[in-house]
Amino acid sequence: MNKKKWLSTPYLIWMIAFTVIPLLLIGYYGFTTRDGSFTIQNITAIFSPAHSKALLKSLYLSLLCTVVCLLLAYPLALILKNKNVGQGGFVIMIFILPMWMNFLLRTYAWLNLLDDGGIIERIFSLVNIPYQSIIGTDAAIILGMVYNFLPFMILPLFNVLTKMDENVINAASDLGANSFQTFIKIILPLSLPGIVSGITMVFVPSLTTFVISDLLGARKIMLIGNIIEQEFSIADNRHLGSGLSLVLMIFILASMALINRYDKNGEGNAF
Amino acid sequence: MKFKRFFSQIYLTLIFIFLYAPIAVLIVFSFNSGKGSRFDGFSLRWYEELFQSEMILDALWNTLFIAVTSALIATIIGLISCIGISALKGKPKAVYMALNNIPMLNSELVTGLSLMLVFAAFGLTAGYPTILIAHITFNIPYVILSIMPRLRQTNKSTYEAAIDLGASPTYAFYKVVLPELMPGIFSGFLLAFTMSLDDFIITYFTRGAGINTLSTLIYSEVRKGIKPTINALSTIMFVSVLLLLFFINRPKKATNEIL
Amino acid sequence: MRKKYLVITAALSLSLTFAGCSDSNSEEANQGNVVKVYNWGDYIDEDVIAQFEEETGIDVIYDTFSTNEEMYAKIASDPSLYDVICPSDYMIQKMIENNLLSEINWDNVPNIENIDSLMMDRVSDFDPGNKYTVPYTYGTVGILYNTSMVDEEITSWDVLWDETYKNNIIMQDSVRDAFAVALKKLGYSLNSTNEHELEQAKDLLHEQYPLVKAYAIDEVRDKMINGAAALGVIYSGEYLYCSEENPDLAYVVPEEGSNLWIDGWVITSGSKNKENAEKWLDFLARPEIALKNFEYITYSTPNVAAQEMIDEEYLEDPAVFPDEEIINRCEIFQYLGQEMEDLYYEMWKLVK
């Protein structure tokens, strides 16, 4: 039986080569200057106005996006559960299907919809409502984020809700709880693992995105993802880029730790 | 109660529209005779151009090749590791799982960047191998998360019974355990394939000269103004996946088991 | 049913894998006869690539970038990634200083004599002794404006700070170009290394931020053609194409002066296909090829032999081929050193 253990080693080596060492390398670059001497300036650089502004903006937009996703997805998951669709796979497919159409292209399509002279403007002008393009504003970026990451919130919620033991809910109403009480006291606490993993899966990509802001932000809005990406791709400064990445990672880990306190069983897996 | 049902129906429809409106736009514009954001009339022009555009067809080929290969390798490695993990206990297991979770927590941005740095440090020239390694790296965790729950549920006693009846451990594994894991393996593969197919960020940082996937090609074209040929291609891909799913779903409701 | 999945999956994967192996093998075999080209987006007539492949039997691996800086980051991380690239003046200087380029053997590029000797003189400012560069295009940076949306005659950069055009301005999204506009408006050199001057330029650009509809590079062209904005900062080479698509568009180089830029083909120091790269350079300097490219990308060519075949009408349009008077107002970018570049970029991040 113990021989089986060795089956885990190939992937362990793989992880060391392509997960651990790369991270150590980020750490190395993050704490050195261009000429290789030690510095902490790449870390403290997060406090410079341009960087902290971008980080705060990213935090604000990704939190907002997470809240919107949760508020949109929870009722949806409840409705789907109550509909007793049965064919879980089919429901899930409906939300995974858009992913088969390229993510950049789908986001780009929003540009066609929202931009000046776009489809929405033409629809609005038919009914004589003035329309101001939201491209280049926070609203456009939130929309892009919610659009792209909503399925990641729906799936874990749906999963956890359908697996919930009906008897518990029935027992609550038998004991005289109204539907609101049942929801607050029973359904919500039991669905916490789903909420937690949904939040994780929405918050992290939206905190670090640079593509959505690039496409829908008219490049007027710099998120921390844009700053880091451009340190590598434009400023050719992998040291500063790595330093800022380290800070970003700390933020992610801290928020994960915070969220996971609510998911003690660690059962909130989406798939 | 009726009101409630009506309301939920509306809600479902709205979300559905939200998710599918951009896709509808892309499909409609793939039949546009003009190039801009105004619909000038129906035409199959972009479909014709699509099959003449070597660049797009190359990118399509690369995308599919990378998605299938990386998903396949990730599934194999993932399956082997799952069996290994199941034999681990306590601290080593926790550390192992924590390492496995890093690419998922780390955001694609940091994963992509750190892999780019490591390839440069190892002196690997960016190309197919680097993209593949990168995709496999971020695919394996999804595979493991799909297979592990199944493995936990499998009934140990059937495996032991098979051994008692004289089967070799390998034979017993193939005959007893593997079939039970199959839905998990398949969903892991599908998930890995989809993630890889839709990935932009990691490919963007690890790709080499002249190798484009659809994502990176689209990203560079977005800046110059996208041509509807890409819409045409996406429409074809979307419709074929839709049909495929439809047929898989029809005869038996087996997709339940997939995800 | 499960078995069926397995079979389908396996079959699909295997067939793709095998096909993939054979595909990469054939690429491997071709390795000896390729040239890896890294060019600006939409900066060549694709027929020219096909013609080159057909004539020489060399496979062209073609890739594009959208800023000099983006290109540099790639090449600096691995100089063997591409064989020939097409950077601008100051970036060529930077690459020479950092040993990223390889000297051209002019015996293999006889068509260099088609290039304007005056242009070769200008190139020697950033490429001393003309060792590395085959000039490809040149031009100015100016304002493209839509005459149906702008009533006044534009002569100055000031218009880009005019409140009446709020949300109607498209600004260049590249560090040096954006700073050049602000520095010139302030009356400074666009190669300023004076921190105080840069600070002022940064403040000016920040002040402009609320008026800007979008920061863009390659997209400026399409947006201006579609009438999405009244004013756009753009390279002169785009003017001809834009005005043909939308006759309302006009181009001006403001009187405070601007940037004169030269894009040229160079060979990387890591190139493993140097002879093929030189064939590429020579091919592009052929008069009829240069003409073909001019007709497609509409950027002015320094190829004298090609110019002889171009319509008088274009040659005399100062927006297409800048005249002496305009050129005298303009400055060429210089590479200012890594420290200065970092400073420019630090400042640029504070603009948005």
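A nonpolar core is a set of buried Ala, Val, Leu, Ile, Met, Phe, Trp, Tyr and Cys residues joined through C-beta atoms within 7 Å. The exercises below apply this and related ideas to a predicted model.

**Exercise 1.** Describe the largest nonpolar core, and state which residues have the most contacts inside it.

*Solution.* Begin with the extent of the core, which has 245 residues, and then name those with the most contacts inside it, namely Ile154(A), Val84(C) and Leu281(C). Next, look for the element that gives the most to this core, which is helix 7 (residues 138-162) of chain A, with 16 residues. In chain C, the core draws at least three residues from each of domain 1 (10-138 + 263-316) and domain 2 (139-260 + 331-351). Finally, leaving aside neighbours within four places in sequence, Ile154(A) is in contact with Ala73(A), Leu76(A), Ala77(A) and Phe95(A).

**Exercise 2.** Work out how helix 3 of chain B passes helix 8 of chain B.

*Solution.* Two packed helices are described by the angle between their axes and the distance between the axes. For helix 3 (residues 54-87) and helix 8 (residues 169-198) of chain B, the axes cross at roughly 145° and come within 8 Å, and the crossing of helix 3 of chain B with helix 8 of chain B is right-handed. Among the residues that meet there are Ala67(B) and Ala71(B) from helix 3 of chain B, and Gly188(B) and Phe189(B) from helix 8 of chain B. Sorted by class, this contact has 11 nonpolar, six polar and no charged residues.

**Exercise 3.** Characterise the contact between chain B and chain A.

*Solution.* On the side of chain B that touches chain A, the largest share, 11 residues, comes from helix 1 (residues 2-30) of chain B. By class, this side of chain B has 48 nonpolar, 17 polar and two charged residues.

Methods: Residues are numbered from 1 along each chain as its sequence is written. Chains are lettered from A and ligands numbered from 1 in the order in which they are written. This is a predicted model: local features need pLDDT of at least 70, side-chain atom pairs count only at pLDDT 80 or more; totals for chains, interfaces and linings use all residues. Two residues are in contact if their C-beta atoms, placed from the backbone, lie within 7 Å. Helices (H or I, at least four residues) and strands (E, at least two) are DSSP runs, numbered from the N terminus. Ala, Val, Leu, Ile, Met, Phe, Trp, Tyr, Cys and Pro count as nonpolar, Asp, Glu, Lys and Arg as charged, and the others, Gly among them, as polar. Axes are lines fitted to C-alpha atoms, for helices over the stretch in contact, and angles run from 0 to 180 degrees between N-to-C directions. A crossing is left-handed if the near helix is turned anticlockwise from the far one by less than a right angle, and right-handed if clockwise. A residue is buried if 20 or more other C-beta atoms lie within 10 Å of its own, exposed if 12 or fewer, and partly exposed in between; C-beta atoms are placed from the backbone. Domain bounds come from an automatic or database domain assignment.
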